[in-house]
Amino acid sequence: MDTDSHNYPKVDTRFFDWLAYFGLIPFVVGIFMQWLGLSILGVTPRLLFTTYSAVILSFLCGVWWGAALNRVGHPHRLMLALLSNLVTLLGWGALLMFRTSWALPVLLLAFGFVAWAEAKLNPNLPGRDQYFRTRSIVTYLVMFCHLFMILLLL
């Protein structure tokens, strides 16, 4: 049965919206740590920022995996499944090179690709429009954080 043919109810996503915004905190902490030259328990700002970025990127791609798995009638189902894996592996590669100058630009581009692909492939269920607007805003803020951190590391 085509799950996309159902009328999905509008869902109150305020809790998830707040979680999305709170998810910016580790990026901001990494930026301030770099700005102040701090390491905490041997964790450098670059390590904190890069690892958190790769985890969040993988989390976002997990939504695509879920869409591919659960929305049988989605026109981009296979593309979502393949891209979720490809982008997650790209994030893993960036994580492995966290000490290089390539890791953060790769992650920045990956987040940009996620924003673009979500607009084009529409993996989201109807009725969650507010959350995905929030998620788009937060993704652009994450990209700004990446640019800021890259500048601090120059």
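Trainee: At what angle do helix α3 (residues 45-70) and helix α6 (residues 129-153) pack, and how far apart are their axes?

Mentor: In this predicted model, the angle between α3 and α6 is about 155°, with the axes 12 Å apart. Axes are lines fitted to C-alpha atoms, for helices over the stretch in contact, and angles run from 0 to 180 degrees between N-to-C directions. Residues are numbered from 1 along each chain as its sequence is written, and local features need pLDDT of at least 70.

Trainee: Why are α3 and α6 called roughly antiparallel?

Mentor: Angles over 145 degrees count as roughly antiparallel. The α3 and α6 angle is about 155°, and the pair is therefore roughly antiparallel.

Trainee: Which residues of α3 and α6 make the contact?

Mentor: Contact means heavy atoms within 4.5 Å. Among the residues making it are Phe-49, Leu-60 and Trp-64 of α3 and Phe-132, His-146 and Met-149 of α6.

Trainee: What makes α2 (residues 25-36) and α3 roughly antiparallel to each other?

Mentor: Their axes cross at roughly 160° and come within 8 Å; by the cut-off of over 145 degrees, α2 and α3 are therefore roughly antiparallel. Residues meeting there include Phe-27, Ile-31 and Met-33 in α2 and Leu-48, Tyr-52 and Ile-56 in α3.

Trainee: Which residues of α5 are buried, and what covers them?

Mentor: Buried means under 20% relative accessible area (1.4 Å probe, protein chains only). The buried residues of α5 include Leu-104, Phe-111 and Glu-118, and the cover includes α3, α4 (77-96) and α6.

Technical notes:
Predicted model: local features only at pLDDT ≥ 70, side-chain atom pairs only at ≥ 80, totals over all residues. Heavy atoms only, no water. Helix = DSSP H or I, 4+ residues; strand = E, 2+ residues; numbered from the N terminus. Parallel < 35°, antiparallel > 145°, perpendicular 65-115°, else oblique. Buried < 20%, exposed > 50% of the residue type's maximum accessible area, 1.4 Å probe, protein only.
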